[in-house]
Amino acid sequence: MAQWRAVAGSVVGAAHDRDGTPGQDAFRVHVLDDEATTIVAVADGAGSATEGGIGAAVAVDAAVDAAVVAVAGGAPPIDAANIALDAALVAVEGAAGDSPLGDFASTLAVAVVTRSETGAAVIGDSAIVVSAAGDLEVVTGEAGEYVNETTFLTSKAFNAARRASTVSGPIDGVAVFSDGLALLALDAATGWPHAPFFAPLFEFARSAEDSGTPDEALQSFLASPRVRERTDDDVTLALVAWRATDADG
């Protein structure tokens with residue numbers, strides 16, 4: 001039977017290892033029971049935020065929960081993705097309580113994936129790459145003018161800086177990742193997806209047996225010298241791929 005397969009992994013960056021500080025990335029993947037829709041959220045806590053890791057974890061949980069409810073209520077993928085971003089901000093505000101909201105700053109990328117379309121919404125410099133009939137398209141947040149400058153979920157410019165779009169299908173793969181992977185995944189000059197990077201990863205996800213769970217092989221790749229030599233930041237990658245039988249197409 002045709003179905004979505006989803007795997008994800010996250011590795012603490014070398015910079016955190018050197019400092020003895022915890023990683024600040026978070027992710028969550030949810031494959032709906034009917035396997036027609038998969039929801040992915042990836043967040044990267046701001047390095048300057050004392051509780052950025054908590055903010056990221058709260059954001060991905062709230063985003064996925066909100067998107068599940070929205071999809072169940074009949075919302076199209078793009079609406080569900082935008083609802084997820086709004087819900088994440090409300091949840092982070094609640095987690096912050098009387099503390100400064102900026103202490104919980106993080107980016108957030110949400111993808112609501114169906115076979116016919118993907119709704120993607122991003123705030124910050126995390127990114128989403130969608131493969132539709134083999135063609136790759138990138139959805140990314142608005143990076144700042146300077147290196148390591150970006151707009152976070154908790155920023156006053158949240159609504160102006162969010163980027164949301166719909167990619168029409170047939171969708172065969174979606175990758176959501178934190179900016180630690182950008183140098184490997186995206187062309188430095190154009191920002192366009194690097195096809196040789198994504199092709200084997202989507203094929204790997206397509207063959208996964210335990211969908212929606214952290215994957216040891218993916219974790220090993222993210223911790224490999226190929227990745228670690230290009231970035232000392234946390235790296236998080238969630239992959240969704242369509243696996244079809246000959247009859248399903």
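This is a predicted model: local features need pLDDT of at least 70, side-chain atom pairs count only at pLDDT 80 or more; totals for chains, interfaces and linings use all residues.

Modeller: Residues are numbered from 1 along each chain as its sequence is written, and side-chain values use heavy atoms, with hydrogens and water left out.

Biologist: Why is alanine 72 called exposed?

Modeller: Exposed means over 50% relative accessible area, buried under 20% and partly exposed in between, with a 1.4 Å probe and protein chains only. Alanine 72 has 70% relative accessibility, and therefore counts as exposed.

Biologist: Which helix holds alanine 72?

Modeller: Alanine 72 lies in helix 2, residues 52–72, where helices (H or I, at least four residues) and strands (E, at least two) are DSSP runs numbered from the N terminus.

Biologist: What makes strand 2 and strand 3 a pair?

Modeller: Two strands pair if DSSP finds at least two bridges between them; strand 2 and strand 3 (residues 37–44) have 7 bridges, in the antiparallel sense. One of the bridge partners in strand 3 is threonine 38, which faces valine 31 in this pairing as its partner.

Biologist: What is the strand order of the open sheet?

Modeller: The order of its 5 strands is 2-3-4-5-8, with antiparallel pairing. Strand 2 (25–31) and strand 8 (163–168) are the edge strands, because each pairs on one side only.
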